[in-house]
Amino acid sequence: MFRALTHQPDIVSSCQSARHMAYKLKTHSGAKKRFMPTGTGNYKRWQVGLGHLNSSFSAERVNRLSRVVLATNTQKKMLRKAMPYTCS
């Protein structure tokens, strides 16, 4: 009724090779919510300071804070480690 498994050694060898694989790196969840990679290797981010308590800000300041800016070189260095599978 049941046949014996003939490919038993193949299953064992594939499990043994999987043991020696490198670990997967995890992307930092806070960084992936706040930064977006661009095609040129940079990261886009939003300006801070528009959440609340900004009624006293001038219109010029509100407009400036609403723009998207590129991350600095120091932030890029940190983001390459925090988000390993994005831009290289």
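Reader: Which residues does Ala82 touch, not counting residues up to four places away in sequence?

Author: This is a predicted model, in which local features need pLDDT of at least 70 and side-chain atom pairs count only at pLDDT 80 or more, while totals for chains, interfaces and linings use all residues. Residues are numbered from 1 along each chain as its sequence is written, and side-chain values use heavy atoms, with hydrogens and water left out. A contact here means heavy atoms within 4.5 Å. Leaving out residues up to four places away in sequence, Ala82 touches Lys26, Thr27, His28 and Ala31.

Reader: Where is the place of Thr27, and which residues does Thr27 touch?

Author: Helices (H or I, at least four residues) and strands (E, at least two) are DSSP runs, numbered from the N terminus. Thr27 has its place in the loop between helix H1 (8-19) and helix H2 (29-34). Not counting residues up to four places away in sequence, Thr27 touches Lys32, Ala82, Met83, Pro84 and Tyr85.

Reader: Why does Thr27 count as partly exposed?

Author: Buried means under 20% relative accessible area, exposed over 50%, and partly exposed in between (1.4 Å probe, protein chains only). Thr27 therefore counts as partly exposed, because its relative accessibility is 31%.

Reader: Which residues make up the largest nonpolar core?

Author: A nonpolar core is a set of buried Ala, Val, Leu, Ile, Met, Phe, Trp, Tyr and Cys residues joined through side-chain atoms within 4.5 Å. In the protein chain, 17% of the 88 residues count as buried. The largest nonpolar core has seven residues in all: Ala31, Phe35, Tyr43, Ala71, Leu79, Ala82 and Met83.

Reader: What pattern does the protein chain follow along the sequence?

Author: The protein chain has four helices and three strands. Among its contacts with a separation of 6 or more, 61% are between residues 24 or more positions apart. Read along the sequence, the pattern is α-α-β-β-α-β-α.

Reader: In what order do the three strands of the open sheet lie, and by what angle are neighbouring strands turned on average?

Author: Two strands pair if DSSP finds at least two bridges between them. The open sheet has antiparallel pairing and the order S1-S2-S3. Its edge strands, S1 (35-37) and S3 (68-70), each pair on one side only. With axes as lines fitted to C-alpha atoms, for helices over the stretch in contact, and angles from 0 to 180 degrees between N-to-C directions, neighbouring strands are turned against each other, direction ignored, by an average of 35°.

Reader: Which helix packs on the sheet, and what angle does its direction make with that of S2?

Author: The helix is H4 (residues 73-82), which touches S1 and S2. The direction of H4 makes with that of S2 an angle of about 110°.

Reader: Which residue of S3 is the bridge partner of Lys44?

Author: Three bridges join S1 to S2 (residues 43-46) in antiparallel fashion, and Lys44 is the bridge partner of Met36. Three bridges also join S2 to S3, again antiparallel. In S3, the bridge partner of Lys44 is Leu70.

Reader: How many residues lie between S1 and S2 in the hairpin, and what phi does Gly41 have?

Author: S1 and S2 form a hairpin with five residues between them. Gly39 lies in this loop and counts as exposed at 85% relative accessibility. In the turn, Gly41 has a positive phi of about 95°.
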